[in-house]
Amino acid sequence: MLAVLRRELRAYFLSPTGYIFMGFFLLLSGFFFTYSNLFQANPSYLGVLGSITFIFLIVVPILTMRLMSEESRQKTDQLLLTSPLSVTGIVLGKYFAAVGVFLITLLITCLYPIILSFFGTIAVWEIIGGYIGFFLLGSAFISIGLFVSSLTDNQVIAAVVTFSALLFIWIMDWVLSGLPTDRVSGIVFACMLVAGVAALVYFSIRNIYVCAAVALVGLGIVAALYFTNEFFFDGLIVRSLEWFSLLKRYDNFSMGILSLSPIVYYISFSSIFVFLTVRMIEKRRWS
Amino acid sequence: MVQVINLTKRYGQHIAVDNVSFTVDKGEILGFLGPNGAGKTTTMNIITGYLSATEGSVKVDGFDILEEPEEVKKRIGYMPEFPPLYMDMTVQEYLNFVSDIKKIDRKTRARNLDRIMDMIKIGDVRKRLIKNLSKGYKQRVGLAQALIGAPQVLILDEPTVGLDPKQIIEIRNLIKELGKEHTIILSSHILPEVSAVCERVLIINKGKIVASDTPENLSRRLGDTGRLSIRVAGPEKQVLKLIGGLAGVKSVESTGAREPGTVDILVEAEKDIDVRRPVFYALSRAEYPILHMKPIDLTLEEIFLQVTTQEREVS
């Protein structure tokens with residue numbers, strides 16, 4: 001894992017990718033810092049961190065687009081996958097390399113609060129908390145980019161799809177407010193989920209009986225839930241999709257609150273996408 | 001050393017490798033011969049653990065590729081058809097990276113790398129970026145990569161593709177040299193290459209093994225001295241008639257005149273009969289000088305034709 005990590009880090013700074021990522025990130029964050037802190041003589045740095053989260057939409061695809069896709073295009077994945085490394089080690093090495101570049105960039109932005117501290121006292125612990133949240137949020141976005149990059153061997157497609165996925169997460173809260181919250185729609189949504197899982201089972205093992213069994217069990221669970229706790233279906237769509245709302249959980253950090261649940265959430269979100277990437281690569285061997 | 005048992009690989013409806021079984025003994029050099037798309041690369045990818053088989057199993061040194069992949073991968077050096085090179089690294093950096101992922105001890109690394117670079121003659125390009133190297137050097141770096149960690153088994157997928165004739169000979173000699181210490185499986189679609197290097201040849205076509213033998217036996221079975229190309233200074237009709245009348249000549253045909261006053265003819269002999277001497281005496285008696293005479297090597301297509309029809313006759 002360390003070997004892959006080192007190679008990826010070097011690759012970032014031997015190609016323009018690392019510099020474009022850092023340059024763009026620092027340019028925009030510097031602009032926001034200058035404008036809202038320095039020009040306005042405003043000591044609240046957390047506000048800046050909160051308002052620059054949109055940069056992720058643009059810079060994360062740049063950072064992650066070549067991670068896995070370039071390996072399969074250049075056929076270098078043959079070297080990695082036939083070496084005594086585990087797939088998990090390879091994927092983690094790549095993930096931590098991207099996160100590492102992000103972390104280095106973030107450390108440079110620490111200059112901003114230090115500049116602020118010359119002019120008065122700043123809320124050191126709140127800012128550290130804010131940074132932790134900001135870092136974890138970025139890492140979660142990077143894990144999505146990593147996963148998307150393992151789906152294709154074309155960097156451009158990886159970048160565009162990552163951007164779309166992040167944009168969807170970005171407008172999630174806004175989309176959610178327009179979705180129906182009544183009971184019937186919740187039941188329909190649950191049934192669609194069951195159908196989706198059954199279809200997935202069918203396409204992965206091609207056995208109609210297992211697929212039908214999964215569908216029946218799923219519908220049974222839906223029915224059981226309806227008869228035992230019908231309120232479960234009220235607003236089910238919104239509650240399910242809210243799970244993906246990475247930004248909502250950043251609100252706490254923005255207010256200077258460091259609580260455990262969003263930290264755990266971000267780490268598990270990233271782990272799931274890293275795991276999915278590993279599965280994706282394993283699956284490709286079997287297809 | 002390597003055991004492949006009932007290996008099958010399906011891509012949807014398409015069968016790439018169809019129930020292939022063979023074993024390779026320690027120290028053996030096995031050639032894998034087949035046209036493009038015969039399943040050579042797929043089989044190699046499965047042995048090295050890059051792909052998984054649909055059915056069947058692969059064992060290397062007693063370890064199963066699915067159950068103990070790391071033990072197997074430690075024992076195999078793989079040079080794929082397209083060398084897996086990182087274009088943005090120098091040769092030295094790249095080989096260091098490969099040593100890292102193969103978990104080679106850092107103390108002995110420098111010495112090992114020097115030895116490998118000496119053997120493959122890439123020491124003079126060690127500081128250069130891989131993307132600036134010529135195809136021949138890239139191929140060699142790919143081979144060097146496979147040798148790192150002194151694996152017991154080397155798997156080389158078309159190691160001489162894209163090289164110039166001098167480099168091809170160098171690489172072949174190198175492979176022979178390596179065969180003293182390693183078990184080697186190499187694939188090719190060029191018959192002379194396989195017969196020059198390998199002790200045993202597997203011919204594979206459409207995912208199936210159609211023949212397995214030593215190169216000498218294969219040549220004998222296929223009778224590749226059976227056809228001669230001859231250029232004679234003399235009138236076409238008389239020459240054809242003369243040779244056509246010799247005992248042991250199955251057929252004779254003219255392939256046209258390439259030099260004024262001469263004729264090129266193709267002679268096919270009966271099986272196991274050498275007609276070169278009778279042809280020489282007959283033509284010299286008639287005072288039609290032979291300008292050249294050479295046996296025609298079977299092309300791969302013809303070998304497949306022969307092997308597959310022979311198999312059908314046997315069964």
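Colleague: How much area do chain B and chain A bury between them, and what makes it buried area?

Modeller: Chain B and chain A bury about 2600 Å², with 59% of it on carbon and sulfur atoms. It is called buried because it is accessible area, taken with a 1.4 Å probe, that two parts lose on being put together, summed over both. In chain B, Tyr50(B), Tyr86(B) and Ile101(B) lose the most area to chain A, together 27% of what that side buries. The model is predicted: local features need pLDDT of at least 70, side-chain atom pairs count only at pLDDT 80 or more, and totals for chains, interfaces and linings use all residues. Side-chain values use heavy atoms, without hydrogens and water, residues are numbered from 1 along each chain as its sequence is written, and chains are lettered from A and ligands numbered from 1 in the order in which they are written.

Colleague: How many residues does each chain bring to the contact?

Modeller: Chain B brings 32 residues and chain A brings 24, where contact means heavy atoms within 4.5 Å.

Colleague: Why is the pair Arg7(A) and Asp88(B) called a salt bridge?

Modeller: The rule asks for a side-chain nitrogen of Lys or Arg within 4 Å of a carboxyl oxygen of Asp or Glu. Arg7(A) and Asp88(B) have N to O at 3.5 Å, so the pair meets the rule.

Colleague: What makes Glu71(B) and Arg75(B) a salt bridge, and where do they lie?

Modeller: Their closest N and O atoms are 3.0 Å apart, so this pair also qualifies. Both residues lie in helix H2 of chain B, four residues apart, about one turn of the helix. Helices (H or I, at least four residues) and strands (E, at least two) are DSSP runs, numbered from the N terminus.

Colleague: How many cavities of 30 Å³ or more are there, and what makes a space a cavity?

Modeller: The search of the whole structure finds one. A cavity is a set of points on a 1 Å grid over the protein atoms alone where a 1.4 Å probe fits but cannot get out. About 50 Å³ of space lies in the largest cavity, the volume being the space filled by probe spheres set on the points, which are joined across faces, edges and corners.

Colleague: Which residues line the largest cavity?

Modeller: The lining residues, those with an atom within 4 Å of a point, include Leu79(A), Thr82(A), Lys102(B) and Gln145(B). Strand E6 (residues 76-79) of chain B gives the most to the lining, with three residues.

Notes. On a 1 Å grid over the protein atoms alone, a cavity is a set of points where a 1.4 Å probe fits but cannot get out, and a pocket is an open set with protein on both sides within 12 Å along at least five of seven lines; lining residues have an atom within 4 Å of a point.
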